[in-house]
Amino acid sequence: MGLEAKLNKDGFLTTTLDAMISWSRKNSVWPMPMGISCCAIEMMASGDPKYDIARFGSEVMRFTPRQCDLMIVAGTVTYKMSHVVKKIYDQMPDPKWVIAMGACTSSGGMYRSYSVVQGIDQFLPVDIYLAGCPPRPDNLLNALIQIQEKIGRTKAREFQDSLPELPVLQNN
Amino acid sequence: MEKLTKDDVHPKIIEALLGAESNVTVDEALENEMVLNMGPQHPATHGVLRVVLRLDGETVVASVPELGYLHRGYEKMAENMSYYEFIPHTDRLDYLSPMANNVGWVLAVEKLAGIEAPPRAQYIRMMIAELTRIASHLVAIGALAMDVGALTVFLWTLREREKIMDIWDVLCGARFTNSYTRIGGVANDAQPEVLKSIRWFIDQFEENMDECERLLNRNRIFIERMDGVGVISKEDAIDLGMTGPSLRASGVEYDLRRAQPYLFYKDMNFKVITYSEGDCLARYFVRADETRESVKIIRQVLDNMPKGDTLLNQPKKVLPKKTEVYSRMEELIHDFMIVNFGINPPVGEIYHAIEGSKGELGFYFVSKGEGKPWKCKIRSPSFVNLQSLPNLIKGHMVSDVVAIIGSIDPIMGEADK
Amino acid sequence: METKELVVNKLKENFSDISFEFSEFRDELSVSFDKKHVVKICKFLKEEPDLEFLLCEDVTAVDWAKRKNRFTVVYHIFSLKHNFRLRLKADIDESDCKVDSVTSVWKTSNWQERETYDMYGIEFNNHPDPRRMYMPEDFEYHPLRKDFPLMGIPGSLPLPKK
């Protein structure tokens, strides 16, 4: 963000700059674990010594949204919880990506009932859907590698600074 | 830091919070009290629990827990599917000890239908229930230590748990949420290599548990953070309905494996661990010692396991083996009838409870003679244990709240159903 | 079994004016009575020194859908002294959906009764904290009633915008 986002043409300087920035972004993706139910346990297991997630650059799983790029929604999202998830997604700074982990977040899973949201893409833009109930930690690492490849292909000018619209105050 | 507005917290919760009786006196009381929201998403990984606190400086004056962020409608779904179809759902109730929930459900349905599984299946069920208890207590101890600040212990206990999950992977094909038990027995026999690897695991488990405990038991910081924090007396604990390790840490010797024995627990030789202080440290010690008792039980089960079938031969109630379904006519018809119409137990109602890792897990069925239950109630231990939270955290500081929640060890999948 | 006869005899002796219905299924004893005597009987069962039913395990309700008394409130209590479990039942009609709360006898029943209110709509008199338990506060229906569909009523729970 900043100067490199304003460069428009695809010259030698911009493509090298893009490659450098996206290389550094993809090798240090800090996930924000939105651990709600059973999938959260497999997410914890992907951080333990056997399926180490730290070797992919996700050294810390920060629980504060202000410092993360990737939100892993792990667990069944109910209508009551959906407002909380959306609030936390809004608090994350750009650029940000979302992994929908497990069957419950992709489509409601095995819970076809009155209080479960049938798929979080009804209120969040999702980048990768993971199948499984719960998906094995190897599966989550595969999703992380695919997100890293996706980040590697981004260009810096896709993330323009957008100023929020402030209400105009009038002093009469 | 966003300011808590009226839209975030429903007015009825604020009413309950301000109206709660509080006999807490602070030495230098400030003029205003603060309402703090320990929201549904917080790092003390116990799930989606929201606690709204009323603070005077750093001391908690009153609190109101709010549940329902993971309410998935289990009881309504159970009324619409047969007893067999619900077995995978029971895995996700207390998702840290999935096999114990399976065993509880299947035992309750067998009691209703009036059948009993063969002895080898019952021994296998006992073995997996105790392995599950070890796995669940490992995570509970690890998470509690991590919340208090000892991060290494969490990784060491998870390493032990991975060994158990590898055993389950070979036994039934899934690491986690394995719906292994069936009505009338278990899904498949335990292979000899699984029994060998369980024996190897329990032989090396005690030393590793000692190593983890050596980091904590004489650690000055750990003891000062947990000793005397969150004390609950014996009478209050029984009155509030707590069961499981939290009740046994307050001096009440109530264990369903002794009081109302199920499976073959009356033949097993084990001690019921009880401590009398009732604080967080006692709850931690109860869990650590219970893993050792479970190792003793598994050893006895492995030594005395009888040979025989693992699935009862009763065609009207028990699904037949798949190889016979594909080759013989009667088994095909029984399979069709049971899958489509259910097992049709007699009219009546029962309540059956087992000792899960968190306490007493009970199932209450009302049956009208059909394949689906007319009503199914799941009595979950975490729900009832959480009710004691406002009593426990009154008068303590905000950082003690985390230690107390960790020592009660609630699992929201079970508490919210 | 001794404890069963002890309980039956004690109840009949001390409450000779109330009509009980005892039933047994799979070795479990259930007692049914009229709903206005709930608090009296529960207090007696808890405080009588021979019985001591100190642990209240569960409070729930059953919806019978098309019967005269539509709901039945069910209590499961346990005696640590005798290792004996007892089930108490009281019928409620839909037109007068109220019953007295037993929070004065056992504190466990606080949250259990709130859950029963949330799921079935049965109100408990003298309850210290009559709020909903699981569903959001402005939800208008009671999910576990038999006339509420499994997939819910569309629009009853709001979702955030994308």
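## Cysteines

C:Cys56 is buried, with a relative accessibility of 0%, where buried stands for under 20% relative accessible area, exposed for over 50% and partly exposed for what lies in between (1.4 Å probe, protein chains only). This is a predicted model, in which local features need pLDDT of at least 70 and side-chain atom pairs count only at pLDDT 80 or more, while totals for chains, interfaces and linings use all residues. Side-chain values use heavy atoms, with hydrogens and water left out.

Over all chains the structure holds zero disulfides, a disulfide being a pair of cysteine sulfur atoms within 2.5 Å. C:Cys56 takes part in none, and the nearest cysteine sulfur, that of C:Cys42, lies 7.7 Å away. B:Cys172 is partly exposed, at a relative accessible area of 24%, and its sulfur is too far for a bond because the closest cysteine sulfur, in A:Cys133, is 14 Å away.

## Interface of chain C and chain A

Chain C and chain A each bring 16 residues to their contact, which is defined by heavy atoms within 4.5 Å. About 1,300 Å² is buried between the two chains, 70% of it from carbon and sulfur atoms; buried area is the accessible area (1.4 Å probe) that two parts lose on being put together, summed over both. On the side of chain C, the residues that lose the most area to chain A are C:Met151, C:Leu159 and C:Lys162, which together account for 41% of what that side buries.

Across this interface the rule finds zero salt bridges, each requiring a side-chain nitrogen of Lys or Arg within 4 Å of a carboxyl oxygen of Asp or Glu.

Conventions. Residues numbered from 1 in each chain as written. Chains lettered and ligands numbered in written order.
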